[in-house]
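Subject: Structure for you to look at

Hello,

Here is the structure I said I would pass on. Please open it first and then read the notes below.

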Amino acid sequence: MRSLLTCVIGFAVFALPMLAGAEKPKEFLAVYSNMCISPNSGDLKGERMIVFRSGHPFEKEKIWVWYQTGEGVLSEPLFEVAEIDGDTFRIDIHFPSPDKYFRKLVGRITADAIEGRYTDPYRSSNVVLKRDFSPENRFPICSSNAGPEGERWP
């Protein structure tokens, strides 16, 4: 993970002058997460989105998201394009399962958090991913044996 972030940040330093006119997100790279580790079992739970800009100064820039979940262990990342208009955030997350289903998340993105709701019928729920201003290659311990959405750990 550390080498991937180093690669992405290295690309950001190279590409930043070309992207200076873009609006959202203001930073080239932002990490939003509610992942934590159960203090009892060591299981990982939650979601993480790494949001970054990409594009050419003469073409429409895209906002990309690297999406991961933690359900005991960290999932393989999914790479998606997000739509951001002002502070409105929309992303379709396509899962490579045998059913090839997707989830749609709509909400708001700010400098401090992504807040929204899944609008698909699969496990529809509210999501709050707080901005991690100093991401490291580890996750915090869940407080009070609660998961990221207040769910109790077994």
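Start with C142: at 5% relative accessibility it counts as buried, where buried means under 20% relative accessible area, exposed over 50% and partly exposed in between, with a 1.4 Å probe and protein chains only. C36 is buried too, at 7% relative accessibility.

Keep in mind that this is a predicted model, in which local features need pLDDT of at least 70 and side-chain atom pairs count only at pLDDT 80 or more, while totals for chains, interfaces and linings use all residues. Residues are numbered from 1 along each chain as its sequence is written, and side-chain values use heavy atoms, leaving out hydrogens and water.

The disulfide

C36 and C142 form a disulfide, with their sulfur atoms 2.0 Å apart (the cut-off is a pair of cysteine sulfur atoms within 2.5 Å). C36 lies in strand β2 (residues 36-37) and C142 in the segment after β9, so the pair ties together parts that are 106 residues apart in sequence. Strands here are DSSP runs of E with at least two residues, numbered from the N terminus. The link of C36 and C142 is right-handed, with 90° about the S-S bond.

The core

The largest nonpolar core has 19 residues, and M49, V51, V65, Y67, F89, I93 and I114 touch the most other members. Such a core is a set of buried Ala, Val, Leu, Ile, Met, Phe, Trp, Tyr and Cys residues joined through side-chain atoms within 4.5 Å. Another core, of 6 residues, lies apart from it and includes F28, L29, I50 and F52.

Aromatic rings

The whole structure holds 4 aromatic pairs. Rings of Phe, Tyr and Trp (its six-membered ring) pair if their centres lie within 6.5 Å; planes under 30 degrees apart count as stacked, over 60 as edge-to-face and the rest as tilted. W64 and F79 are stacked, 4.8 Å centre to centre with 10° between the planes. This pair joins strand β4, which holds W64, to strand β5, which holds F79, across 15 residues. F95 and Y101 are also stacked, at 4.8 Å and 15°. F95 is buried at 16% relative accessible area, whereas Y101 is partly exposed at 29%. Ring pairs also link F52, W64 and F79 into a cluster.

Which residue lies over the face of Y118? R103 does, at 3.7 Å from the ring centre. The rule asks for NZ of Lys or CZ of Arg within 6 Å of the ring centre and within 35 degrees of the ring normal. R131 lies over the face of Y32, at 5.9 Å from the ring centre.

Regards

Definitions and conventions
Helices (H or I, at least four residues) and strands (E, at least two) are DSSP runs, numbered from the N terminus.
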